[in-house]
Amino acid sequence: MRAIHGEEKLKAIYGAWPTFHDGEVWSLAYERVPNGFSLIAVIHAFQMTSEVDSRGYCVLKNHTKVRIRFDRCSDVALDGFNHQNVLFGLDITEPEQATPDSSFHVRFDTSYGLAGSLTCKDILVEDVQPWMPPFGVYAETAAPPDGRPATPLRNSGAAEGPPSMS
């Protein structure tokens, strides 16, 4: 397969190109470019480990916000974008006899929400940043709305329990 520009940014964190399984698409944007248009997707990605936490859930690490640009798109068929867009996977393939001018076929395989596919000439990983969603199932309790980690709660000095009512 042809190289995906910037893929080393993801490989440095995850060791390989991630599957994006259970990742969430947070935004999609279309942008006009010479000879067509691009689609920019922002995806919350993470790495699932074999560790289990005290609640019985798999421990997740390396939470990131990934910005991917799909350039010179065609045959875009995306539907179902809503309040939560969970991916089963982000599948990228090329024809078996790929040439430098071949197109990538991209499929947003859904678990919930956004689903569909597109064809594009180039793919660029524009940015990868550590990130926790400010809200939703992966957000930390008491996290501020800008996506920064939660600040530990401090003792307010109040006595335990509610005030007595007499």
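Let's start with who touches whom: of the contacts in the protein chain (heavy atoms within 4.5 Å) between residues at least 6 apart in sequence, 61% join residues at least 24 apart. Keep in mind that this is a predicted model, where local features need pLDDT of at least 70, side-chain atom pairs count only at pLDDT 80 or more, and totals for chains, interfaces and linings use all residues. Residues are numbered from 1 along each chain as its sequence is written, and side-chain values use heavy atoms, with hydrogens and water left out.

The protein chain has one helix and six strands, and they come in the order α-β-β-β-β-β-β along the sequence.

How much of the protein chain is buried? Buried residues account for 34% of its 166 residues. Here, buried means under 20% relative accessible area, exposed means over 50%, and partly exposed is in between (1.4 Å probe, protein chains only). The protein chain exposes about 10,300 Å², and carbon and sulfur atoms supply 53% of that. Such areas come from the Shrake-Rupley method with a 1.4 Å probe; for residues, only the protein chains shown count as cover.

## The nonpolar core

A nonpolar core is a set of buried Ala, Val, Leu, Ile, Met, Phe, Trp, Tyr and Cys residues joined through side-chain atoms within 4.5 Å. The largest one here has 25 residues, and Phe20, Phe70, Val106, Phe108 and Ile123 touch the most other members. At least two residues of this core come from each of α1, β2 (36-52), β3, β4 (86-93), β5 (104-112) and β6. The top contributor is β6, with five residues.

Zoom in on Val106: leaving out residues up to four places away in sequence, its contacts include Phe70, Leu90, Ile92, Cys120 and Ile123.

## Salt bridges

The structure holds nine salt bridges. To count, a side-chain nitrogen of Lys or Arg must be within 4 Å of a carboxyl oxygen of Asp or Glu. One of them joins Glu7 and Lys11 (3.5 Å, N to O). Both sit in helix α1 (residues 7-14), four residues apart, which is about one turn of the helix. Glu7 is buried at 18% relative accessible area, while Lys11 is partly exposed at 38%.

Other pairs reach across the chain. Arg69 and Glu126 form a salt bridge (2.6 Å, N to O), which links strand β3 (residues 58-79) to strand β6 (residues 115-130) across 57 residues. Arg69 is buried, at 10%, and Glu126 is partly exposed, at 24%. Arg72 and Asp122 meet in a salt bridge too (2.7 Å, N to O). Arg72 is in β3 and Asp122 in β6, so this pair ties together parts 50 residues apart in sequence. Arg69 and Glu126 also belong to a salt-bridge network with Glu31, Arg67 and Asp71.

## Cysteines without a bond

How many disulfides does a search of the whole structure find? It finds zero, where a disulfide is a pair of cysteine sulfur atoms within 2.5 Å. Cys73 is buried, with 8% relative accessibility, whereas Cys58 is partly exposed at 38%.
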